[in-house]
Amino acid sequence: MNLSLELMLQLAIILPLLSTLAIAATGHYPNFREGVTITTCLLLIFLVVNLYQGLSAGETIRVFWWELLPGLTISFDIEPLGMLFALIASFLWLVTTCYAIGYMRSHQEQNQTRFYVCFAIAIGAVMGLAFSANLFTLFIFYEVLTLSTYPLVTHAGTEKAKKGGRTYLGILLTTSIVFFLLAIVSTWFVAGTLDFKQGGIFADDVDKMIAGTLLVLFIFGIGKAAIMPFHRWLPAAMVAPTPVSSLLHAVAVVKAGVFTVLKVCVFIFGLDLLAVLPTTQFLLYLAGASVLLASIIAMRQDNLKARLAYSTVSQLGYITIGALLATSSGVIGSSMHIAMHAFGKITLFFCAGAILVTLHKSKISEMRGIGRQMPLTMIAFFIASLSIIGVPPTGGTWSKWYLMMGTIETEQFVLMVILMLSSLLNIAYLLPIPFHAFFPNLIAFKTSKKLINISEASGNRSPSFEIKEAPLPSLIAIIVTTLGCLTLFIYPQPLFDLASAVLSGRE
Amino acid sequence: MIAHLPILQVIIPLMAAPICLMLKRTQLVWLFSLLTSGLAFAVSVLLLQQVMTSGLISYELGGWQAPWGIEYRIDKLNAFLLLIISGISTIVLFAAQTSIEKEIPKDKHIYFYVLYLLSLTGMLGIVATGDAFNVFVFLEISSLSAYALIAMGKNKQALWASYQYLIMGTIGATFILIGIGLMYQMTGTLNMYDLSQRLPEVAQSRTVFAAFAFVIVGVCLKLALFPLHLWLPNAYAYAPSIVTAFFAATATKVAIYLLIRFTFSVFGLSFSFTTIPLQTLFMALGLIGIFVASFAAIFQSNIKHLFAYSSIAQIGYMIVGFSISSVTGLTATLLHLFNHALMKSAIFLALAAVVFRVGNVQLNSLRGLGRQMPLTMAAIVLGGLSLIGVPLTVGFVSKWYLLIALVEQGWWPVAGLILLGSMLAVAYVWRIVEVAYFKEPVGPPIKEAPMSFLVPIWALVIANIYFGIDTRISVQVAEAAAQSLFGVSL
């Protein structure tokens, strides 16, 4: 095929949107419908990989669509950070679709067609967001992403889902319209442009107070980055079916948030300006507090998905810190952490969903001993946990390494301690789960009598080692992402190249 | 023919109204009214084209020269308004016949069209004329027909709502008349252009101040500026649905036009904004209006009431833009005039379809309607998103201009408040979404609205999105109109 790169870029955004028509048309034939989704996934990966090769070959890929108001355009431009995000999102979409087929069918969910349609729109929005050439285009896709994921969050249609959806939409729309839009309008007014530019768009003599205020507005306004106190939407979104939680609320939506933060820090403010703004330090501490508090809250959650959600809030804080450190290792660490955390967290969510559909358990206290029934799932859970914690032999090691380097370079020792403490907390809230799953009778840590009784009861009941894993498509998905976590440790070079190319225009 | 366009704009619907009475058959009358309105729309398109290319059109009625005879004066501002009014009127009329069959007794159908056309005449007349007394005459034509139209609603409350509107509207019109009288006393002229030339000489007199106060208060009553808005919610809620769709998109816009015309053209910018602290006053009232009305909208259980309060809030946005008194601010107001007409006509027309199928628009009756009337409900959701100001809808464009105008002046806190206000819109729109999409339907199954509703509704919804993306026409006209108001007066 001889498609120009520009055409491919546009196709990458339009294709998922167009596929919704085919998905809706084949709604009554589930096998065809999923066939359409899988085909779209494969085509999208093909397009994105081609774009990646084009970018590696040093080509500039720019597309202009429309001028909405004078100077305010919808246009696209590929740069390494967006490329990285698009690669992850498109690849994990395929894996998640595979997982969703097993999950949605064995869980007998209603309205599956609507589910796949909204999913495809969300992915189209992510592609648009990743390739945006200016803040305005990014904002449009940011809002499309919020609105298209709302039906997914409220998928169950229950009172609880409705309430979750209200929090979800309420926080995301409020922050994006009240803070983000105000920041965009003001940036437009102060800088005269919204184009992403290496080194930032503000003039050198810009008033530091105004730019500092704008930075605060941006960080608060990008609610998808889930910096406390605007994180409540993420736990609320956990009422969604697990495939949604795993792809959208561990990868696409939250990463769209931190991606936007990185974009704003690097291409709107520029690292030089960012380093001297009066509010940067305050925001760093805010993100640090978010990292630590979310980890502590995560420890207290008994619902597995809720624990994972708070863990995500905490990990997103790492990425925001990396962006705000305004050094190259911080940005590299953040960019890499987008990928590393994506693979780790999506695996954890896949496992949580697998446990839910096969054993119908969602509470951590009920999960003792399940390692005997679902050994593969729990091994995957263990490996992914290691990646989130950031220890070898998993990918998370590298990104956390660079983030640490960043804090040391800038002499932010308080933050360094926070990051280390949070890693310890990660161990405390993640590792006991696979540990107790495999060794239910070792109850050294728990003191609650009730839990002991439960574990004894379950220990007595299941002497038979009946293996009952998740449906095959779901299991394959789990294995693929787990291998991803390991591969990224052994072979992080392409990722590192992309991450370090984010700033290459700076030299 | 082309030279007579300004008067044709008004005379076509005026003449058509009595002809309706002779036609006798309802279907025929409907088609005739539709044709008339369409013709008026064509005239306004031609007028706008002419004004945009060759500037101001002055038409002397009966050949009597300007300060003595009545002059029709079409500039960019009123050509834009004429287009909005006649355009919305035409689209709404498409659905009229189906809608009134269920809402108005058969023997009154013809009267409905007569009154509708008269009301249209009144509004077009107010906007087209360049004569202050003529404004009052057309104001009365449009108001009197409006009172009768609202009273046609099928509930008993319609009479009471119409009566409330009658009292308030009459007070407003009287105030305007008193104001015009005082101006006449001081200058001896009724021609607006002439007034604008002569008023500065006597600007410091107490009579002119009184005239100004009377005119402004009267106009604000008509445009339902907080706290003079109390007549509006009931009038909108109990009028026949078609009437609501027409009025919500046009009636208050005409009043805002009058406000702009009197402050900017007749009294002049320096008098209105320097001598009198209109800016602070309107900014405050606009903002309070946005918040009070939006909060009130959140707690309504009748959807028509809900959107009526939302209209009051939207008027607040226009008033804030107006009070900035800069070119960008006025552009924002004019854009919102156009954009809000598109949103509200789409929403109220969709509500008319709901009334047609369900019988009422209580929030509880909307349960499960998202599945039963998917296209109608989707139109309400899209209209609602536009109201919130989501990008790629018209609501975003006008909000963007309003924000730029505020930031230009350095009024950041106000910009923040404006955005906070749009969050209240999320709250009231989402109440409808939750009921329509998450509650199980009750009662017998309901069919999707007929095509006679769906076509005009979706034409408006698509316009909502089209003008949100292709902003060239609307922005260009609004900007040109705003600039001309700030340039040489009239």
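This is a predicted model: local features need pLDDT of at least 70, side-chain atom pairs count only at pLDDT 80 or more; totals for chains, interfaces and linings use all residues.
1. Helices, in this note, are DSSP runs of H or I with at least four residues, and strands are runs of E with at least two, each numbered from the N terminus. In that sense, A:E411 sits in the loop between α15 and α16 (413–430) of chain A.

2. Overall form of chain A. The secondary structure of this chain amounts to 20 helices and two strands. Along the principal axes, its C-alpha atoms occupy a box of roughly 70 × 55 × 45 Å. A compact globule of 507 residues would have a radius of gyration near 23 Å, and the 22 Å of chain A agrees with this. Of the 507 residues, 58% count as buried. Where contacts in chain A join residues at least 6 apart in sequence, 80% of them link residues at least 24 apart.

3. The strand pair. The strands β1(A) and β2 (residues 72–77) of chain A run antiparallel and are joined by six bridges. Within this pairing, A:R62 stands opposite A:D77 of β2(A). The hairpin has two residues between its strands, and A:G71 adopts a positive phi near 85° there.

4. The contact between the chains. Chain A places 19 residues in contact with 21 residues of chain B. Three elements of chain A, namely β1 (62–69), α5 (135–153) and α6 (159–191), each contribute at least two residues to the side that touches chain B. The largest share of that side, eleven residues, belongs to α6(A). Sorted by class, the side of chain A that touches chain B comprises 13 nonpolar, four polar and two charged residues.

5. A residue of α6(A) in detail. A:L182 lies in helix α6 of chain A. Is this residue buried or exposed? A:L182 counts as buried, because it has 24 C-beta neighbours inside 10 Å, and the cut-off for burial is 20 or more. Residues up to four places away in sequence being left aside, A:L182 touches A:L217 in its own chain and B:A415, B:G416 and B:L419 in chain B. A:L182 and A:G221 are 39 residues apart in sequence, while their C-alpha atoms are 8.7 Å apart in space.

6. The nonpolar core. The largest nonpolar core has 399 residues. Those with the most contacts inside this core are A:I88, A:V126, B:I150, B:L349 and B:A352. Helix α14 (residues 327–358) of chain B supplies the largest share of the core, 20 residues. For B:I150, the contacts beyond four places in sequence are with B:A158, B:A161, B:S162, B:Y165, B:A235, B:Y238, B:A239 and B:V243.

7. Helix α20 of chain A. Which residues of this helix (residues 493–501) are buried? They are A:L495, A:L498 and A:A499. Seen down the axis of α20(A), these buried residues fall within an arc of 95°, so they line one face of the helix.

8. Cis peptide bonds. The bond from A:P392 to A:P393 is cis, with omega near 5°. A:P393 belongs to the loop between α14 (375–389) and α15 (396–409) of chain A. In chain B, the bond from B:F226 to B:P227 is likewise cis, with omega near 0°. B:P227 is placed in the loop between α8 (206–223) and α9 (232–238) of chain B.

9. A:A226 has phi near 55°, a positive value in a residue other than glycine. This alanine is found in the loop between α7 (208–221) and α8 (233–236) of chain A. A:A226 is buried, because 30 other C-beta atoms lie within 10 Å. A:E411, which is not a glycine either, has a positive phi of about 60°. What is the exposure of A:E411? With 9 C-beta neighbours inside 10 Å, A:E411 counts as exposed, since the cut-off for that class is 12 or fewer.

Key. Residues are numbered from 1 along each chain as its sequence is written. Chains are lettered from A and ligands numbered from 1 in the order in which they are written. Two residues are in contact if their C-beta atoms, placed from the backbone, lie within 7 Å. Ala, Val, Leu, Ile, Met, Phe, Trp, Tyr, Cys and Pro count as nonpolar, Asp, Glu, Lys and Arg as charged, and the others, Gly among them, as polar. The arc is that of the directions from the helix axis to the C-beta atoms. A nonpolar core is a set of buried Ala, Val, Leu, Ile, Met, Phe, Trp, Tyr and Cys residues joined through C-beta atoms within 7 Å. The radius of gyration is taken over C-alpha atoms; the globule rule is 2.2 Å times the number of residues to the power 0.38. Two strands pair if DSSP finds at least two bridges between them.
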